[in-house]
Structures are given as structure tokens and as C-alpha cells.
Amino acid sequence: MNQNVTNPIIEAKDLCFSYKNEDGIPLPVIRNLTFSVERGSFVCILGHNGSGKSTLAKLLNLVLTPDSGSLSVGGIDVMRDDLSDDDIYNLRRRIGMVFQNPDNQLVATIVEEDIAFGPENLGIAPDEIRTRVDEALRAVNMTEFAHHSPSQLSGGQKQRIAIAGIIAMLPDCIIFDESTAMLDPIGRAEVMDTIESLNRERGITVLHITHYMDEAVRADRVIVMNHGEIFLDDTPGAVFAQVEALQSVGLDVPQVTALVHKLRREAGFEISEDILHSADAVKALKELYESI
Amino acid sequence: MLKDITLGQYFPGNSVLHRLDPRMKIFLIVIYIITIFSASTPISFALVLLSAFVLLLLSRIPPKLVLGSLKAVFFIMAFTAIINIFWTTGDRLLLEAGPIKIYWEGVEYAIFMIVRVVALIVGSSVLLTYTTSPIALTDGLERVLSPLKALHIPVHEFSMMMTIALRFIPTLIEETDKIISAQKARGTDFSSGSITQRARALIPVMVPLFVSAFHRADELAVAMECRCYRGGEGRTRMTRLHLRSTDFFALAAHLLFLGVIIALNILFS
Amino acid sequence: MNNKISLEHVTYRYSVGTPFEKTALDDVTLGFEQGIITGLMGHTGSGKSTIAQLLNGLLRPTEGRVLLDGEDIWAEPKKIGAVRFRVGLVFQYPEYQLFEESVERDIAYGPGNMGLSQEEITERVHNAARFAGISPDLFDKSPFELSGGQKRRVAIAGVMAMEPEILVLDEPAAGLDPAGRREILGGIRAYQKEKKNTIIIISHSMEDMAIYADKLMVLDHGHVSRYGTPHEVFSHAEELKQVGLSRPQITKFIMELQRAGIPVEGGIYSVDEAYREVLRAFEKKRMGG
């Protein structure tokens, strides 16, 4: 089931992490997690609330430190004892992070000033920052809002500014920690289109954490988490074919996938199991219909 | 609605004063204040008053708006003026009614005092607060004060705090609005009852507001760290402020004006 | 039509007399039927949230009237507090309204403001907690210790416990995972079945509303562009697209099948219906129809 990874940007082995409750008893959130992520790929991590997916994101960006196991991010062994502040700083430049609440990650009162925040922290020359900010604004299609205040923007627009702020740091990989959860359908579509283009056009590795199944369809690979463990790990088609397994961990499959699955299983339709896109399903059903 | 409250007094525009470098404006305001307090002769006071109105015209801010801000200090001005008029003694008696004696000097002081306050408020507001966006002001202050970093004064941190405060004030105001509405929908009565009852009605607003503000602060701190923030050291800025010829011209004008006032003092003393 | 609550030529402007004046609703007339769940849908900025606050008197119409059982709720502005007890409103992301030291006390806050007896309050709190899916062993916990989904349910229970004749919920399931959405929307459905009250759910999830609402009202720029059962509304799927709403994936899919020449009927919004419809079409051809 595990994917072939030849050039990993993230490698985790037997990763464990627990939170302590108020009585000091550790509650395991991540249990013996082993996986790696191919450089340049688009991986979606799915799971219900409390499945450990957001904790995983915080471990990957060193907001939290694993209890045990090994974790290497961008070639840096983050479990090393002599990990310096500079190492962490370098890692954060290369592994960007976009969070859930768009309001709580924008720092400045003007859009372009906010995008410049990361590069400014990196000590980049002013002219170079200017170029990067303009380029990042273009990448998220927000150039016309450069001089707006974040409070004038919609949720989807704010989230795109947050993404631009990360792009301007020229990262190798961006982790999206439920970045679409608080958006309306239009905002979600805007952000998903942006994420997809970053991966396809710029080759940035994307780790997208979500509980929206329709978003996972766009990834190269889907990892389903449950109780801090990997439950399924495969291509979207193969993962969504397992309708009952997904439902057993509190996730829904896209409606078309569910229909195809039901037609196959209950009515004996001869259609391939891993159909993901409705266009493929229409084609398959049409062929069947015409063959009657 | 709460969110309509305007932030600061910034009045967007494109006048000469709007275009001045914020760092220069901070210097200019210092020079201007020194000038105002150097004035000591009737002619210099007349010039100071005139200069305030020249600045007002240059800023192209509606005069009504600026004069409106004088209203706030009207009572203080009136009160000190009356004290000056009645209590100052001098050589030139103006009026005598029973035990009350009013001297020319008192009236003079009162007028000078009013001129100073008016010039101070009009001058500083059109030079700085009305024509400089809060963010430019913060930025300018950080840069002007940056030599103080050598004395371990956390100049960068203060300016970052200001920036974040400016960024979050609209968000928190909106949130307060929302919490008030939500609690009203649960039957909280904010507008009647005794003072203690009204104070108690604020608990359901204050508790969620603080919880949320701390939560936001927490998330923002993580987000900033993830964007490689580690204080002001080694940090660069995208916008470079450039002093232009108008900035130097403004500086020269202010210095000249200060010189004139000092010369007048010497001449008439 | 038997309207429990309605807006009559309502215009609402924010911040009248300031430079920020903005018209949110312009001459809107609409009504909500007694004893059913109505899904109120529209894109962001269509005026849904303004309508919610007009219904329970948090906002006062600039022009027009809000009628509750046929009576203007602003007839006596001093009595607007009583209207808020009759029309409950759950805001978007309502977990921000929690403030008490225990879950039980927080749910009891609304009923407490209504001046009910202690027994009555306790009973209502337990009832509301049951519908919202909060187990009694959470009662003594601080609401701030709960998970996001639990907080949401406590906040909803806090308004349910006021047992309003009309309950308006603004995006009650926003941001939750599928299981969380089902629990909350299912709880609201069960609550309505027992209390037989009028419920209005504001949502932009067509998939959810197709399942949980009896009638759907589609807003476009503050006007009702479509009103009817989910089946009726989804039969006009193209129109939904035009007003900026996303149709359920399955509704779109069935339309694509139609276009591909498979004779299926439109207006479908659930997987089970689609399944039956596809089987019916295939069966018909097999029988040589």
C-alpha cells in the first residue's frame, strides 16, 4: 500500500506523540507513524476531527516535538540533539505552513506589507522582496488587492494572501492545515485552484490536510488517518473505492463515487472501481447503456 | 455599528503634507512644537497662529474636521483662560469691579495660551495624525527611534506591537459586535437594570472576548514563527523610505520659521 | 400559505447617516412556513445573515415590517426582548458565545434569562443537551476544555434550551467533518420532530439541505429566486449555478448523464435516488422501451 518514494522531502519513521491531560496522563495522538512524501508531489491527508492529522502538521513544522521515532524534513534530521535555532529557521523557510483561520495569520494592515513579512524576516534585500511580493500576488491572482487592508477581504481572499506570504519565502513544500475548513464554497474553490496550480506549475510539494473528500480527488496520493495511525494510503481512486472502510472512520466519499460503488456492488454493473471524476463515470455508464 | 469607528484620525489624501516622509514629519513636529513654545511676543504669536492655518490649508483636510477636534479641549482652554485673566497681576490695570481686578497682562497670557494650544493641536494633527496612515506612522517611528536600539530599548518590538494592534483592532471590534448580538439573542439585557446588573451583563461579552483574543494571539504567534520571525535582528524592509527635495524644503521652512521666532524674541525683549 | 414569520417589504441599511451606509436588503418580502425546516440558501453577501438578525429583532428594518404570527414585532419596541425569546438565533461559529464555568450553566444561561423556575430550567437543559448530542457527564466540565465540535453543540443547546417557537441557525455545521455535520443536523431534525416548531437553517451546503430540510428557499441579491421542496428546487439546477450556489455533485452528474443520452429524470439530490433512477433507465432499455 505504501507509495514508492525515491526522492523524499519528508521521512517519518515510528513517529509518536502524546498530549498530557490535566491529570498528567499521556494521551497518544500520533502512534508509530511511518511514511514519506515524494518531492514535488501533492499529498492529501484526510481524517475526521481528532484523527491526529493537525498534530501531524505541527510535528512536521517543529511547532511540536515528537516523543519518539525519527523525522527528517527537507534532509534535516529534526530529532537531532544539537538542532540549532538556525536549523529550525532554515527548515521553516523551506517548509511553509498555511493555517485554518485566515484572520489569525495575517500580520500587517496592508496586503503587500503582509506578504513581505516572511522575506523581511529572512533578511532579503528590499528590491528582491519587491519582486517576490509582486510575483506572489500574481501567483494567487490577487495583484489588484495589493494595497487593500486584510479586513476588507473575503475569507478565501485572505487565505490566498496567507498563501502568497508563504510563496514569497520560496519554499520547497507547503503544508495546508485545514486551510479550507472555514471558507464558503466559492472561497474553497479559489483556494483549491491556487493550491493545485502551486503544485502543478511551480513544482512545490503540497501536503493538504482536510476533511473534504472532494478536495482529495485532486491529489496524487491520499493518506487517511484514524486514531493517530495511517488507515489507508494510496491513489485517490484506490482510496475512494473503499467506500465502507472510509465510512467506518467517519468520512464520506464523493457522491458520484458512492453511486458507482453502489451500482457495481448492488446491481452488478461492470464499471471500474477507481473512477474518480464524474466525466469518467458518465463515459463508463454511457458505454454500458449503449451496449444493452 | 461598532466597526464604523474610524481608526485614528487618518484622512486619506494626496496633499504635500500627505506625501512627506513620515520620519521627516516626526522631526518637523518636534521643531514646530519648539517653535510654538519659543514664541513670546505678540508678533510671534500672530505668526504662529498664521503658520497653523497655512499648514491646515496645505493639508487640504476639511477645516471643519480639524477645528472639530478643538472642541474636545474647549473647556480646558476656557477654564485656563479665565484663571489667567482673573489671577494674573501686572502693571496695566484694565478693569476693576469691587475685589476683582483684571490686568492687561492676564488677558495677554490668556490669548497667548489659547494660541499655543490651537497651534499645537492644529499643527500636530495636520502634520501628523490626519495626513499619515497609522502604519506609516509606526514605521516612521521605528526608523527614527532605531538608534535607541543601541541602548537596549525594544524599538522594533514596540513597533511590531503597534502594527499587530492596528491589524487586529477591526477584527476584535467585529468580534465584540458579534458576541454582543449572540448574547442579546440569549436574552442578555444590556440596557436596563441597576449599575451592578449592567456590569454583570458584560461578563458574557468580556469572557468570550478575552478567550478569543488569547486564542488569536496564540495562533498568530505560531504563524509568525512559521514565517521565520525572530525579532528585529537581521530583518530587512521591503519599503525604503526616500527623503525627497520636498522633505528638505519642509525642513528648511520649519527651521527658518523657528529662526524668525527666536529673532523676534531677541528683537523685542 | 401558513407563514409563521415573514418579512414584508423590508429594506435594511447598515450605518444610516454615516459614510459607511450600505443597503443589505432592498424591499424583500418572504415568509417561513409553520412547523417545518426551511433551508435558506444563497451565496455570501446575498443577505442571509441580515435576514436572520431581522427575524429575531436584533436588527430593526429601515423600512417595512417583520410579522410574527401576523403581528409586527416592532409594534412596541420596548417588548422586543420577548420576541428574542420566541425566535431563537444561533450565530455562525457560535462556540464564541460560551462563557460560563460549566457546560450545564452555559446551556442554562438563556432559559435563566427568561425567568423560568429552576426545575423547568434543569429539564430544558437536559432535553436540549440530548438533542445536541451532549452526554450528561460533560455537564460539569468547563466549556473551554471541550473539542471544537462539542463546543458547537453546547452553544446550539444553549439556544435550543430556550425552546423558541422559531429557531434560526446560521451555518450550524460550518467547518465540521462529515460525522460532526451529521450529528448536528440530525439532532436539529430530531428536535424539530419532537417540538414541531419552525426551524430555519442558513447554509450553503446543498448536499446537507437536500437531506435535512423540508423546503428550500434560494436567495439571490436579497430576493427569493426559488422556493419549494428540494426536488422542485434541484429540478432547476442551472438556475442555482447562476445565483452562485454549488449544486450537489450528484445533481450535476445526473444532468451530465441526461446530456450523454441516458434518459434519467432531473431534480435528484441523493445517491439513493440517483441509484434508483439509473437502474430504472437501464431497466427500461433492457425491456426494449
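Visitor: Which residues in H4(C) meet which residues in H5(C)?

Guide: Happy to walk you through it, and keep in mind that this is a predicted model. On the H4(C) side, look for C:Ala128, C:Ala129, C:Phe131 and C:Ala132. Facing them from H5(C) are C:Arg153, C:Ile156, C:Ala157 and C:Met160. Sort the residues of this contact by type and you get seven nonpolar, no polar and one charged.

Now for how the two helices are placed. Two packed helices are described by the angle between their axes and the distance between the axes. H4 of chain C covers residues 118–132, and H5 of chain C covers residues 148–160. Their axes come within 8 Å and cross at roughly 135°. Angles over 145 degrees would count as roughly antiparallel and 65 to 115 as roughly perpendicular, so H4(C) is oblique to H5(C). As for handedness, the crossing of H4(C) and H5(C) is right-handed.

Let's step back to chain C as a whole. Its domain assignment gives domain 1 (3–229) and domain 2 (248–289). Taken over C-alpha atoms, the centres of domain 1 and domain 2 of chain C are 36 Å apart.

Most residues other than glycine have a negative phi. C:Asp27 has a positive one, near 50°, and C:Asp69, also not a glycine, has a positive phi of about 50°. You'll find C:Asp27 in strand E2 of chain C, residues 22–33. C:Asp69 sits in the loop between strand E4 (63–68) and strand E5 (71–72) of chain C. What about their surroundings? C:Asp27 counts as partly exposed because it has 14 C-beta neighbours inside 10 Å. C:Asp69 has 13 C-beta neighbours inside 10 Å, so it counts as partly exposed too.

Definitions and conventions: Residues are numbered from 1 along each chain as its sequence is written. Chains are lettered from A and ligands numbered from 1 in the order in which they are written. This is a predicted model: local features need pLDDT of at least 70, side-chain atom pairs count only at pLDDT 80 or more; totals for chains, interfaces and linings use all residues. Helices (H or I, at least four residues) and strands (E, at least two) are DSSP runs, numbered from the N terminus. A residue is buried if 20 or more other C-beta atoms lie within 10 Å of its own, exposed if 12 or fewer, and partly exposed in between; C-beta atoms are placed from the backbone. Domain bounds come from an automatic or database domain assignment. Axes are lines fitted to C-alpha atoms, for helices over the stretch in contact, and angles run from 0 to 180 degrees between N-to-C directions. Angles under 35 degrees count as roughly parallel, over 145 as roughly antiparallel, 65 to 115 as roughly perpendicular and the rest as oblique. A crossing is left-handed if the near helix is turned anticlockwise from the far one by less than a right angle, and right-handed if clockwise. Two residues are in contact if their C-beta atoms, placed from the backbone, lie within 7 Å. Ala, Val, Leu, Ile, Met, Phe, Trp, Tyr, Cys and Pro count as nonpolar, Asp, Glu, Lys and Arg as charged, and the others, Gly among them, as polar.
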